[in-house]
Amino acid sequence: MSQPTRPARRTLRPACAVLAGLALALSVATPAVAVSPPLSHPRTVRHFDLTKGQQPENIAVEPDGSADLTLSFARQIARVDRKGHLTVLATLPAPAHPLTPLIGAAVVTGIARAHDGTLYFSYATGTEDLHGIWRLRPGGRPERIAALPVTGFPNGLALDEDEHCLYAADSALGVVHVPPTNGGTVTTWSDDKRLKPTTAFGANGLKVHHHAVWVSNTDTGTLLRIPIRRNGTAKPAEVRASGLSGIDDFAFTGHGDALIAALNVPNEAAYISADGTHHTALTGGDGLSNPTSVAVRGNAVYVPSAAYFTGTNPNLLHADLQH
């Protein structure tokens, strides 16, 4: 997530493991690569109500293709089925006096889904009673399972079911935390200097992939890979791609280390090859409006847009992944 404007309202063994990026990301240009477009047939699945704070920040996909979303300023967990029908699964309690770092308002950010349907998500309030990692079991009610430092801004979230833990990026503190899925003590897994913010939003999107934790740094416009040692600790972060202005969250395509990333402020989704080269895959002309995250399931690609800066048309877009 970046520093959005609130919507106008009417009247491996670890210690284990959005809102978009600030527009002032430092970037190093990457040479253009002549490739065929990896995405085709973009279409909007659902439009959301901006006046109700329905700005989708992060996404997890159900086996049937439904999308589980965090609706940031609405403080809601919602599901959009393949026909575009919206169901609100839970609304998080509002803090009396939100003190959320960077934005001041209470927001739900990252989300991850377990195989049994349990949803884990980050809730940023800046208050001792609500700030941290939450869980929603199927048919249950939301519950906080881990408190996080109120001086931080929890953002991207990924689940490692084998190790019974989550990895959580903190954009304000520039670290990766590891909360256990059953609750308990949270540890700081990586405090690497490459995760730090330079103006506001550092570590943002996050995924676990091929024995490493991958993290985007919005301020520096970089995609980082942090290998996991055999004992579960973090190795130093390495830059895998740069020149990604406004990078938020991302998802791997299923073909090695290739991935698709949301570039929030430029209104683009970028295809990033395993060697770090990248090119534009979707734009505002396809329906993007400050995209925040990406999910891939089979040949289906989902991209939520939160309209944090455009102020119009928050939506969920679907496209086909080409082979």
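In which strand is Ser 305 found? Select residues 300–305, which form strand S23, and Ser 305 is there; strands here are DSSP runs of E with at least two residues, numbered from the N terminus.

This is a predicted model, in which local features need pLDDT of at least 70 and side-chain atom pairs count only at pLDDT 80 or more, while totals for chains, interfaces and linings use all residues. Residues are numbered from 1 along each chain as its sequence is written, and side-chain values use heavy atoms, with hydrogens and water left out.

Stay on Ser 305, which is buried, with a relative accessible area of 0% (buried means under 20%, with a 1.4 Å probe and protein chains only). Next select Ser 289, whose backbone nitrogen lies 2.9 Å from a polar atom of the Ser 305 side chain. Leaving aside residues up to four places away in sequence, Ser 305 touches residues including Pro 56, Asn 290 and Pro 314, where contact means heavy atoms within 4.5 Å.

Now select Tyr 167, Trp 189, Leu 206 and Val 215, the residues with the most contacts inside the largest nonpolar core, which has 17 residues; such a core is a set of buried Ala, Val, Leu, Ile, Met, Phe, Trp, Tyr and Cys residues joined through side-chain atoms within 4.5 Å. Among the elements that give it two or more residues are strand S14 (203–208) and strand S15 (212–217), while S11 gives the most, with three. For a second, separate core of 16 residues, select Ala 251, Ala 281, Val 301 and Leu 317, which it includes.

Finally, colour by pLDDT, the predictor's confidence in each residue from 0 to 100: the chain averages 91, but residues 8–35 stay under 50.

Conventions
Helices (H or I, at least four residues) and strands (E, at least two) are DSSP runs, numbered from the N terminus. Buried means under 20% relative accessible area, exposed over 50%, partly exposed in between (1.4 Å probe, protein chains only). A polar contact is a pair of N or O atoms within 3.5 Å; within protein, one must be able to donate a hydrogen and the other to accept it, and residues adjacent in sequence count only if both atoms are side-chain atoms.
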